[in-house]
Amino acid sequence: MKTISFINMKGGVGKTTSVVEVATILATRHNKKVLVIDLDPQTNATLSFITLEEWEKVKDTATIADVLGMNRGASSRDDEFDIKNAIIKNAGNIKNLDLIPSHLELTFLDLDIASRTARESVLKNQFEKSNLDYDFVIIDCPPNLTLAPQNALMISDYIIVPVVPEMFPAIGLPLLINRVKKLKRDLRDCKVEFLGAVFTKVDVRYSVHNQQMNALRQNGLIPCFTTIIKQLAGINKAVAENKPATIKFPNEQVVEAYSNFVKEMLNKI
Ligand SMILES: Nc1ncnc2c1ncn2[C@@H]1O[C@H](COP(=O)(O)OP(=O)(O)O)[C@@H](O)[C@H]1O
Ligand SMILES: [Mg+2]
């Protein structure tokens, strides 16, 4: 089992889009068993796979908030909760793709579990308890490094950083890299490594994008994937339908780009 977290402290860089398409491609085109964990209270990844009605059925009793032991009245603590109860099998009728949905209340996770010991390891303990059997666990993170993403990093083998090469990424990236280093010093057993940055929403006609990609490739801060994901309308069409583009618009250029990205990713792992 390999676990990959998609992280960037910036929002709007394609984290969720990448998680949704990469997970769907792994499940449908590579026959991998995939678990998607949505750790972003925005629930965008969740609602790309399941409908609002489906989410409403589970939101009070069986989401990542319950897995992480948030104090939500009726629901139990994580030491009583079984992570398997929060897993939606074949989410959106996609074979091999399971989902742990998110919850808006996740915004308050840090407040809720602040006084607990080993609060970064709640997800890790859940995983260790339950013998989950997947080829890949793909995690969508919010644009910060608070407790939810810290829990993700504790179970992750790799970090992939989606980067829009428009404003100088050399400002935000060193901060992320240093913070992850610090977390690894502070948190025992955190073995995560950067697999690399992937350029997203790229407009190759725009000289700034080319300059920024070259700069980042040359400065050696983080390895960069060769495959780039261009700014393409296929994604907007898929978002409008609340479905992965890979399922709804398999012939769109953006799906081909993500498909190439997944091949490169599998080669690197
Ligand atoms: N390759 C792309 N081409 C065009 N639009 C994109 C592309 N990738 C993402 N988007 C759009 O950009 C916005 C932010 O993407 P999202 O994946 O939600 O970013 P994040 O999760 O990092 O906040 C969304 O509206 C999404 O549909
Ligand atoms: Mg997102």
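These legends describe close-up views of a predicted model. Local features need pLDDT of at least 70 and side-chain atom pairs count only at pLDDT 80 or more, whereas totals for chains, interfaces and linings use all residues. Residues are numbered from 1 along each chain as its sequence is written, chains are lettered from A and ligands numbered from 1 in the order in which they are written, and side-chain values use heavy atoms, with hydrogens and water left out.

View 1. Polar contacts are pairs of N or O atoms within 3.5 Å. A polar backbone atom of G12 is 2.7 Å from an oxygen atom of ligand 1, and an N or O atom in the side chain of T17 is 2.6 Å from an oxygen atom of the ligand. A nitrogen atom of ligand 1 lies 3.4 Å from a polar side-chain atom of N236. On its own the ligand has 560 Å² of accessible area, of which the protein covers 80% (Shrake-Rupley method, 1.4 Å probe).

**View 2. L232 in its loop.** The loop that holds L232 runs between α9 (207–219) and α10 (233–241); helices are DSSP runs of H or I with at least four residues, numbered from the N terminus. Neighbours within four places in sequence aside, L232 is in contact with Q253 and V254 (contact means heavy atoms within 4.5 Å).

**View 3. Packing of α1 on α12.** Helix α1 (residues 15–29) and helix α12 (residues 253–268) meet at about 75 degrees, with axes 10 Å apart; axes are lines fitted to C-alpha atoms over the stretch in contact, and angles run from 0 to 180 degrees between N-to-C directions. The two helices are therefore roughly perpendicular (65 to 115 degrees). Residues making the contact include T17, E21 and R29 of α1 and Y258, F261 and M265 of α12.

**View 4. Packing of α6 on α7.** Helix α6 (residues 122–130) and helix α7 (residues 147–155) pack at about 40 degrees, with axes 7 Å apart. Among the contact residues are F127 of α6 and M154 of α7.

Key:
Polar contact = N/O pair within 3.5 Å; in protein donor to acceptor, adjacent residues only side chain to side chain. Parallel < 35°, antiparallel > 145°, perpendicular 65-115°, else oblique.
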